[in-house]
Amino acid sequence: MFLREIERKWQEAWEKAGIFEANPDSCKEKFFVTFPYPYMNGPLHVGHAFTASRVDAYARFKRMQGYNVLFPWAWHWTGQPLTGASQRVAKGDEAFIRVLREVDGVPEEELRKFVDPNYMATYYTNESRIAAKRAGFSVDWRREFNTIMPTFRKFVEWQYNSLRAKGYVTKGTHPVVWCPKCKSPTGDHDRQEGEGVTPEEYTLIKFKLEEDAYLPAATLRPETIYGVTNIWINPDATYVEARVNDEIWITSEKAAEKLKEQGKTVKIKRKLKGRELVGKNFENPVAKEKLPILPGWFVDPKHATGIVYSVPAHAPYDWLALKDLQEKPETLREFGLDPENVKKIKPISMIKVEGFSEYPAIEIVKELDVKDQYDSKAEEATKIIYKKEFHSGVLKENCMEYSGKTVQNVKEILIEDFRRRGIADFMYDLPQPVVCRCLTPCIVKVLQDQWFLKYSDPEWKEKVREALSRMKIYPKTATQWFLAVIDWLKEWACARRTGLGTPLPWCPGWIIETLSDSTIYMAFYTINKQIRRHDIKPKMLTKEVFNYIFYGKGIIEKIALKSGIDTKILEEMRKEFSYWYPVDLRVSAKELVPNHLTFFIFQHTALFPPEHWPKAIGVNGMLMIKGKQMHKSKGNFVPTKTVIEEYGADAMRCALILSSEGMDDPDWRNENARDVKNKLVSFYNFTQTINENAKSDEIGHLEKWLMSKLQHRIIEVTENLEEMKMRTALEIALFEIWNDFRWYMNRRGGEDTKILKDTLKIWVKLLAPFAPHICEEIWDGMKEKPFISLAEWPKANEESINAQAEGNESLIKEVIEDTLNILKATKITPQKICYYTASQWKWKIYMKILEKSRKGEVKLNEIMRELAAEEDLRGKLKEAAKFTSKVVQEVGRTPEKRRETLLKIGILKEKEVIDDAKGFLADKFKACIIVFSEDARDKYDPKLKAKLSVPFRPAIYIE
């Protein structure tokens with residue numbers, strides 16, 4: 001309740017002051033950050049909150065750095081998700097309705113109205129807006145819109161008319177994922193299942209039966225035809241004999257239906273069970289030998305043609321299936337097959353692969369100890385072999401005219417040759433199931449005279465690569481993923497028949513699909529403030545108006561006269577766009593790299609000049625719930641609103657940000673949020689103690705240490721935020737600095753010092769982007785004005801960095817750690833602890849070796865020659881040689897950064913430092929503490945430990 005009251009207080013204060021309403025300001029550098037608008041077929045959930053929390057933390061950080069930050073928000077209503085959900089309510093789908101009631105918390109009186117998709121979207125938008133505001137996201141709400149608003153539709157119409165005029169939208173024939181019920185292409189975000197799945201092209205090798213019919217076996221590896229030993233048919237599946245164009249084909253029943261949608265004329269002659277085919281022979285069209293059809297219950301009749309040819313030398317599954325079958329003579333006899341003949345089937349080696357013998361599939365099966373075809377390791381074995389053979393395989397002499405050629409280079413040539421010779425055809429299929437939002441299983445359809453975005457255009461791809469090369473990608477590892485997507489991306493169906501959205505301007509009956517109207521809408525944010533404020537009507541937003549705003553084209557007076565928009569307003573809109581563009585940072589989950597995020601770059605390069613291309617993209621992981629993928633129907637779903645009510649906004653934000661880094665998938669667990677909430681309450685109480693007790697102005701070495709450590713923390717938090725390493729930045733800002741404060745207070749023995757209050761101001765600023773509400777409360781309690789959200793971001797003060805002070809405290813920490821390790825090993829209760837600090841001659845050698853290590857490897861013989869010339873070492877050369885050898889090895893193992901730190905610290909007055917901390921150490925170990933120099937003649941050293949002392953590492957004796 002305490003946190004919620006603080007959050008409500010500051011959210012109201014921020015809104016009243018309008019501190020997140022960003023307007024062009026020529027005196028300030030701008031920063032435009034965006035987050036993909038969420039779909040409104042459900043409430044804002046913690047997956048949205050995870051990405052949005054990262055975006056908001058970055059936006060707040062930049063605002064405190066002095067940037068004029070714009071973080072706008074909108075709502076995605078386009079496509080099938082809403083229509084599909086509404087239809088399920090209309091049909092009385094009780095399981096779905098129960099989820100809306102119990103998980104989303106929709107009241108009964110509202111549920112009845114969900115038969116209208118617009119009402120459903122409005123309800124979830126209103127609920128989600130409340131959740132976003134309660135999360136404390138620093139949004140400029142004046143720019144808000146949804147994607148079916150008439151004014152936004154006019155913007156999308158302009159976008160697609162412009163793309164078409166530039167030749168980026170074309171009419172053609174291409175394979176698409178198709179919903180038979182909606183009679184529309186089904187883009188990624190119109191799917192209930194199968195996001196990211198695209199059609200795959202299979203080569204159909206036409207094996208001739210003894211009758212005048214063909215068995216078209218689907219493959220992604222047509223070069224392996226030279227290693228065929230048999231065909232697999234599922235004996236229990238239903239197949240059909242059909243006339244496909246001018247030939248008789250036998251395929252699975254499902255395959256025949258698919259082929260009808262792919263430009264082939266298919267007339268079914270009869271149905272048959274697969275067992276009717278088992279035992280028959282077929283002819284290999286290249287080698288012309290007769291081979292048998294064997295039973296294979298693993299063959300999926302729903303996949304491709306339901307006919308699989310077998311290459312056991314190069315396909316682990318084929319080898320395992322053949323081996324299994326050869327050991328089942330009774331099964332073979334059932335199909336009229338002679339077990340002895342089947343046993344005679346031997347693998348045919350036809351690809352030479354470096355690192356493997358004649359039969360790679362057999363070898364990898366043995367290597368991975370794959371038990372049978374149902375062993376999960378069979379899939380791993382298959383991936384290893386296929387990858388290796390594709391990249392480094394060379395076809396052998398039995399591959400006829402293709403022998404000596406690499407698999408990678410010959411594949412396309414071979415496919416073309418086989419088609420020309422009439423022994424191969426092709427079809428498309430989905431490698432995984434895809435289900436439309438209307439719950440209909442999807443297929444692949446070859447669409448004719450359909451409108452596509454021409455993402456295959458080589459010149460367009462080159463522009464996108466150029467844009468990407470100019471961008472910052474967080475993390476950098478995602479760059480290669482973007483490049484791969486740019487390479488393989490082909491035509492994309494940009495319109496569908498059903499769902500909400502903007503009608504295709506030149507083709508009534510088609511609606512621009514979900515992922516195609518969400519690529520450059522960031523430009524609409526820049527002008528929607530004026531559209532709303534001046535009540536600009538859709539009809540006023542003409543092509544000429546948009547061309548003026550985005551390109552500066554046209555005579556403003558004529559445009560104003562024709563559109564009815566005042567020249568001052570047009571100038572305002574042009575100024576807004578010119579000031580805010582380009583987008584400085586867009587952040588989204590990694591699932592959008594293969595579609596939205598890449599489309600975002602494509603369309604910006606198509607419609608805007610280089611100076612308005614995006615500058616950076618952040619990619620994060622996909623949020624899991626207790627280790628499992630979020631799925632509302634399975635009850636694995638957590639609304640943002642519920643989390644905020646239970647744990648508070650700051651705890652939610654911090655728990656989410658702490659849950660992962662880079663593209664790793666975060667995992668939401670309630671106990672983590674509860675723990676973070678408790679830590680934030682403890683943090684607040686800790687700061688109150690400092691505020692109440694701060695009195696003294698004393699500045700000693702401990703105060704210098706704290707200020708010095710804080711300078712490093714400023715640098716670390718800032719650098720990690722700049723690289724969008726949010727988790728690391730928060731871990732330092734909350735936990736590492738807290739540890740520094742605890743150490744300082746424990747060493748000093750209280751909170752009564754003014755320096756703590758000064759450093760607290762810096763600490764709270766560093767934490768403010770992550771937990772803004774509680775930081776505002778602390779800031780206000782310190783009588784600081786105005787808001788911490790607008791306070792200046794801390795900058796490290798080089799003059800406050802004190803290597804000596806840090807070295808002193810580091811020495812005490814290491815002494816404590818070493819002492820604890822000894823106590824743990826010996827299991828004794830200490831009465832007396834003696835510390836022995838290193839002799840000056842050891843320091844001299846140690847520092848000399850450190851200094852020489854800057855220039856590379858330290859040579860023992862060289863350093864000994866130099867030391868032999870030192871007068872103060874002449875009586876200790878034997879001892880010095882032994883010590884030097886040890887230090888040279890130790891320094892060689894020490895990381896460069898640590899060596900530089902030690903050099904900055906320099907020679908420590910170790911005895912003085914430990915003597916100064918004797919009271920602290922005595923309290924900690926409940927023992928008498930005595931400190932000796934190694935050179936002291938009257939030292940107590942019954943076990944001769946003193947000679948073991950090393951600079952920065954005193955020797956220890958405990959009794």
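Two strands count as paired if DSSP finds at least two bridges between them. Helices (H or I, at least four residues) and strands (E, at least two) are DSSP runs, numbered from the N terminus. With that in hand, take methionine 624: it stands opposite aspartate 667 in strand 28.

Before going on, the ground rules. This is a predicted model, where local features need pLDDT of at least 70, side-chain atom pairs count only at pLDDT 80 or more, and totals for chains, interfaces and linings use all residues. Residues are numbered from 1 along each chain as its sequence is written, and side-chain values use heavy atoms, with hydrogens and water left out.

Strand 26, residues 624-625, runs parallel to strand 28 over 2 bridges.

Now the domains. The bounds come from an automatic or database domain assignment. That assignment gives domain 1 (200-429), domain 2 (521-581) and domain 3 (804-958). The centres of domain 1 and domain 2, taken over C-alpha atoms, are 61 Å apart.

Next, strand 3. Which strand does strand 3 (residues 169-179) meet over 9 bridges? Strand 19, residues 443-453, in the antiparallel sense. Valine 169 has leucine 453 as its bridge partner there. Strand 3 also pairs with strand 4 (residues 184-185), again antiparallel, over 2 bridges. In that pairing, cysteine 179 stands opposite serine 184. The hairpin of strand 3 and strand 4 has 4 residues between the strands, and lysine 183 takes a positive phi near 55 degrees.

Aspartate 369 is not a glycine, yet its phi is positive, about 55 degrees. Aspartate 369 sits in the loop between helix 12 (360-367) and helix 13 (377-392).

Cis peptides next. Tyrosine 474 and proline 475 are joined by one, with omega about -10 degrees. Proline 475 is in the loop between strand 20 (472-474) and helix 16 (478-488). Tyrosine 581 and proline 582 are joined by a cis bond too, with omega about 10 degrees. Proline 582 lies in the loop between helix 20 (567-580) and strand 24 (585-589).

On to helix packing. Axes are lines fitted to C-alpha atoms, for helices over the stretch in contact, and angles run from 0 to 180 degrees between N-to-C directions. Helix 2 (residues 46-64) packs on helix 23 (residues 649-657) at about 95 degrees, with the axes 9 Å apart. The two helices are therefore roughly perpendicular. For the cut-offs: under 35 degrees is roughly parallel, over 145 roughly antiparallel, 65 to 115 roughly perpendicular, and the rest oblique.

Who touches whom? Contact means heavy atoms within 4.5 Å. On the helix 2 side we have Val46, Ala49, Phe50, Ser53, Arg54, Asp56, Ala57 and Arg60. On the helix 23 side we have Met652, Arg653, Leu656 and Ile657. These contact residues divide into 7 nonpolar, 1 polar and 4 charged. Here Ala, Val, Leu, Ile, Met, Phe, Trp, Tyr, Cys and Pro count as nonpolar, Asp, Glu, Lys and Arg as charged, and the others, Gly among them, as polar.

Aromatics. How many aromatic pairs does a search of the whole structure find? It finds 67. Rings of Phe, Tyr and Trp (its six-membered ring) pair if their centres lie within 6.5 Å; planes under 30 degrees apart are stacked, over 60 edge-to-face, and the rest tilted. Take phenylalanine 31 and tyrosine 67: their ring centres are 5.9 Å apart and their planes are at 75 degrees, so the pair is edge-to-face. The pair links distant parts of the chain, 36 residues apart. Phenylalanine 31 is in strand 1 (residues 30-34), and tyrosine 67 is in the loop between helix 2 and strand 2 (68-70).

Strand 29 (residues 832-837) pairs antiparallel with strand 31 over 4 bridges. Tyrosine 835 stands opposite isoleucine 956 there.
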